[in-house]
Amino acid sequence: MGDILIIGEHKNGELRGVTREAVGAAASIKAALGGRLFVALLSDQTTELATQANLAGVDEIRTIALESPHFDSAIYEHVACSIGAELRPYLILFGHTADGMACAPAIAARLGSGFASDVFGLHVEDKSLVVTRGAYGNKLNVELAFNNKGVVVLTLRGGVFKPVVAPGTAEIVAATIDISKVAAQSVHIDYADPPASGVDVAAADFILSVGRGIQDEKNLSGFAALASRVGATFGCSRPIVDSGWLPKSHQIGQSGKVAVSCKLYLALGISGAIQHLYGMKHVDTIIAVNTDANAPIFNVATYGICLDLFTFADALKKQFDSSADTGAVQPDFQGDQT
Amino acid sequence: LQTREIFWSIGPSGVALFYVLGLLSIATFLWGFARHLVKYSRGRPLDRGRRLPAGIRRMLWDVTSHRTLKRRDRLAGLAHQGVFYGFLIAAAGTTIIFIDYDISRGLFSVQLWKGYYYLTTSLALDVGHLTLIVGVTYFIARRLALGLPKLDYIRRYRGEAKLRPSGQAWRIEDWLFLGSLLIIEITGFLQEGARLMVDRPGWDDWSPVGGAVGRILRACGMSVAAADHLRVGNWWFHGVLALVFTAAIPWYKAKHMLAVTGSLALRDTRPLSRLPKEPENADRFGIASVADFTWKEMLQLDACTKCGRCHDACPARASKQPLSPRDLILDLRLLNDREQGQHVAGGAVISDVIAPETLWACMSCGACQEICPVGIEHPPLIVKMRRHLIEQNIMDPQLRTTLGIIGDTGNSFGEAPRKRPAWTDELDFKIKDIRDEPAEVLWFVGDYASFDPRNQKVSRTVARLLKSAGVDFALLQESEWTAGNDIRRVGEEGLFESLVHHNLRAMSAAKPFKRIITTDPHSYNTIRNEYPEFGKVAPIEHYTSVLAELLAAGHLKVQQRLERRVTFHDPCHLGRLNGGYDAPRQVLAAIGCELVEMPRNRDNSYCCGAGGGRIWIADGPDIERPSISRMHEAAGLGGIDVFVTCCPKDLTMYEDARKTSGHEQSFVVHDLAELVAEAIEKKAISVDQLPALSERIVEAVAKRIGDVISARLSDLLAQQLTLHSKQVVADAPVSPEPETPQVHDPIAGTGTAVQASQGEVVKAPETPFEISAPALIPMDWDRLAPVRPAALPIYDIPPKQGPRILVTIKHVATLVGQPGLTPESRDVGPEYLEFAMNEWDDAALEEALRAVEKIGSGEVVVVTIGDERADVSLRKALAKGAHRAVRVWSPSLAIADPITVARGLAGVAEKEAPDLIFCGVQSSDQANGSTGIALARILDLPHAAVVVGVEWDGAGTLTLTRELEGGVRHRFQLPSPAVVAVQSGINTPRYATMRMIKEAKRKVLVEVDGAGIADGAGGYIVRKIYTPQLAKAEMLEGSPDEVAAFVAGLIRKKVRT
């Protein structure tokens, strides 16, 4: 039996992508080891969430009604352990998110279970679970095993496992767990949204960044529009901020922000000064567009494109105009290039 | 015989009154003079000894020739010379009369002042007073008519439009000085005219001006009687005014007459190129209050005449930075005069009158001190005040980061030291390693020439030039650290000294060499002028003079004269600071370039804006950067082909500025060496293409080899994978899922090459999840046991004094180059790792220190699990203010998982019984993001992760703010003790100066045996570690549309799912 328990994560009433991805990851282990796949949902609106979490491969959904939709690590920990004690799963999965990080290690310590975080690969070998995660700034990979561990708790890196979208036929069971003792531990005050104007390149997962190659301030708006068209946060290198074309909050690099959460980085007209690379070279996928085939940016990029960036930007814009989702600003790159 | 009566018809009481007034005037003068001496006596001793006779000789020459005053404002210099000599003659006249009337006649009844002696002095006095009037009149007219910005006290560079009260006072003082002098002079001639009109002595041709005044008075219809009356009234007016003027000299602007002689005589010949050390065993660092001035610095403040030459020359002021050297000196003088050279407890300090941003604005270019006619040395003052700011941790965050990086890595780029010689890899020959074999010349490369890609190309060009000229040269390789010139100018004296000692040690441990060369004027300056004060160092030359010699001697032969029209930028550190003006010009002439001088050249060269650490400090939005202004200046010359530099920082600054200033099409920026290479190598391809070409060739070869290997590998892997088809590494960038083949289709379909070499590394099999054997894993919830704190040996813990905060610190590793693995492939070999304090833990420490500081009592204890290498980070934490450090270690913890580490930390926490624990939310090397929360659970404490705000009064409830994805902030309360895992960015961690690090050696660092921690019950076991296949960018070929389609596919796949 290789039962798996996923602790569902949600935001604003929506099941988060990491939980769908966890279902996908769990499916492979379930296929290898057999057993059942459980998803636990803690919220004040479990019915709607349970519908969303009823995904292909899920056998049973446990809903725990709370007074608030918000995450509380003590409650999550208590519930996970309580359900765990009843279901006795081999594997407990979280996303490697702010919530998962606040809760999963505590569960592992409390259970004395196996534990690994920020996992991006898992497979079964000789009937044992083997997981892969990064090491040394994600420059290397490590394979980890959990010898003699009856239970393993993992947090899974977002955006790497294939999310499940197909609906399933899970049984939905409402569970009653007394949380009164743990709930009293912390006192909730409030939630505050980030300031509307704030650009947080550190939190962005997709950044379209421009450098000196854009040549003139007049060309900036076109690229800003392209960024919003493709769903990217708009970043830049130091010369753009130095020229006063964009506020400092857009700057990526040693003196700006590090693109900590970035997964896809599109660098247009950035030659790759070492100070800029500092802020982005760790990003998983970097696409660099530059006319200079020897630009240092190509040393860190995953894909390099040796093209005029205005030509490229026009072509990329066309790709998104011709697709189904339209309605955003239409940038024009044939303008000033003097 | 010809003479004149001194006290004619004044009467005995008048004479007596005049003597009383005269004595009063002298007394007031002496009082003011003595007051200054008392003030100077409170100053610190001189920074270093002076050779006074040489200084006095030079002062006398400067004063008599007015050399310093005529520079860049010849008219003002000449006018001042008129005033100066006029004043000198007037003073001589007064002395002559004093000797004659009071000594010779008064004591011995012998009149000397008569006959031709009288007549020639009369003529000399007339001429002298006339030049004085002409000079003063020019100064008055200049102030009224020219509207010179350097004489404007409104601080427009700071955006001010109104005169400050101090400026108003200065303006009044200037007019009082000029006005009273002019009135004294005019009334003097009036007196002479009236006298000559009344007395008609018959030798009035010897007083041509006075005689003319007399004739004019008569022509205007003045009667002799009226002239006689005028004579009496004017005598008193003129006399008393002159006495008042004399009395006032030490009390206002006029005191420069005295102070300048001292200031010029004590002038340092190289104040900025060789900065003063801090006194040994000083209890305070730098200049914090007037008590920290040397007496010479006080004297220099008094010497300032507000001429504004420094104000004009300063690139910071010109770029609207909040600094004018003139105003800085004047503000300091006001403060020093108010405090009279002694700091009263609770009284004013420097920061009350000079804002930190003013001090940080300085580019250490030396333009101010170079042009100062009275020898004021502004830059050393600024650096000393910066030293205090560094001690107080008042600095730009970027600068703080850079200094930290330099302390960790020995270079400002944050690169691993062993990557320093990486620029030589692309050379087709090997450069000697001075550590292994002797050489004639040691090349000290410097940071920018080593690490900046554009400058690396220049370094390779210089290497080729030296080789072709047959120069026997070698490098220190990774033993070279940054020379520290700019670090000293930033004010981090401790770090500078440690860099100097490192480099001196490296040079003395090297095999023999005779001299040093460098392309970097900054390194050149400090090694030439400052290193000798710390130890023996070989003579150093800048490569410009080396190239000039090699060309002149024919070791480098010009194959084709370049016939380019070029202009040349004098680097501050080569030219102004070290006089290296000629060598680069000789080189340009030798290779056949027509040099069109910049309007501001040689000693008047204009800083690029990078000096004094400015290159590490972000410019504000309204700054008109000097490098841009310089580009406009060059473009204004018209028809320039090349803007030539000979400084790596210049090249970086001007390559940037050429693009941002809109002169990209006008000219190119080249290093001098690149032009020389072009001239001697006579290549069909222009020299700046050369490195690019070699890189392309290397790349092409590497790619071809890579293609062959990757094809073989993917075959092998495919075979392997069909055998072990259980593995799925769901890492998107290296394993495109087979379900989304459309990603590659648009381009692959057209037959153009998207080399999916990375995608092939892990070829996902068709049925990835198929597992053949059923699993038999024990579902053993009953066997589970919570992790307990490790039992550690007893160590000395002092009793609590206020709240105790425990901070967990990790000494994190970064990989260097291509890492090699340990034999069993479970970790990276230690030689491939470099270490530093984890950034998140630094933030946690800062939060703890601030908490203790706010509470006013308590103790911060830092703890780490690590071997003795981790002491570096613990010492740094102690330097920043932590009170004690605990390091737990056992070799069994070498690749411990976070749960095991947390168990060890919990063992320490159990002993320390802290009131709060701060952790970083993750470490930069392994990024588990788990240790802190696991620690909390093992200790059974409440916890919070990703915290960006902490409020705590030392006991009881904590109010915390947690940052969630998307920037949402969650505020909540927890009881203490608790474990708080903080996010980086919650604060700006303070900077530990090298001095603080040294002092922290006295604090307690306990080592605890952690043998019992790893009990095999940890979270995981490392099976193996390996390098994922990564390569240089895969270049996408094809039409723009095809490439864009591929990128759009990536975006949809990676972001929109």
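Me: Which residue stands opposite A:V187 in strand 18 of chain B?

Reply: Two strands pair if DSSP finds at least two bridges between them; strands (E, at least two residues) and helices (H or I, at least four) are DSSP runs numbered from the N terminus. Here A:V187 faces B:Q973. Strand 12 (residues 187-192) of chain A and strand 18 (residues 969-974) of chain B run antiparallel, joined by 5 bridges. This is a predicted model, in which local features need pLDDT of at least 70 and side-chain atom pairs pLDDT 80 or more, while totals for chains, interfaces and linings use all residues. Residues are numbered from 1 along each chain as its sequence is written, chains are lettered from A and ligands numbered from 1 in written order, and side-chain values use heavy atoms, without hydrogens and water.

Me: How much area do chain B and chain A bury between them?

Reply: The size of an interface is often given as the accessible area lost when the parts come together. Buried area is that loss (1.4 Å probe), summed over both parts. Chain B and chain A bury about 10,500 Å², 57% of it on carbon and sulfur atoms. The contact (heavy atoms within 4.5 Å) takes 118 residues from chain B and 117 residues from chain A.

Me: How many salt bridges does the rule find across this interface?

Reply: A salt bridge places a side-chain nitrogen of Lys or Arg within 4 Å of a carboxyl oxygen of Asp or Glu. The rule finds 8 between chain B and chain A. A:E143 forms a salt bridge with B:R1023, with the closest N and O atoms 3.1 Å apart. Helix 36 (residues 1040-1055) gives the most to the side of chain B that touches chain A, with 13 residues.

Terms used. Buried area is the accessible area (1.4 Å probe) that two parts lose on being put together, summed over both.
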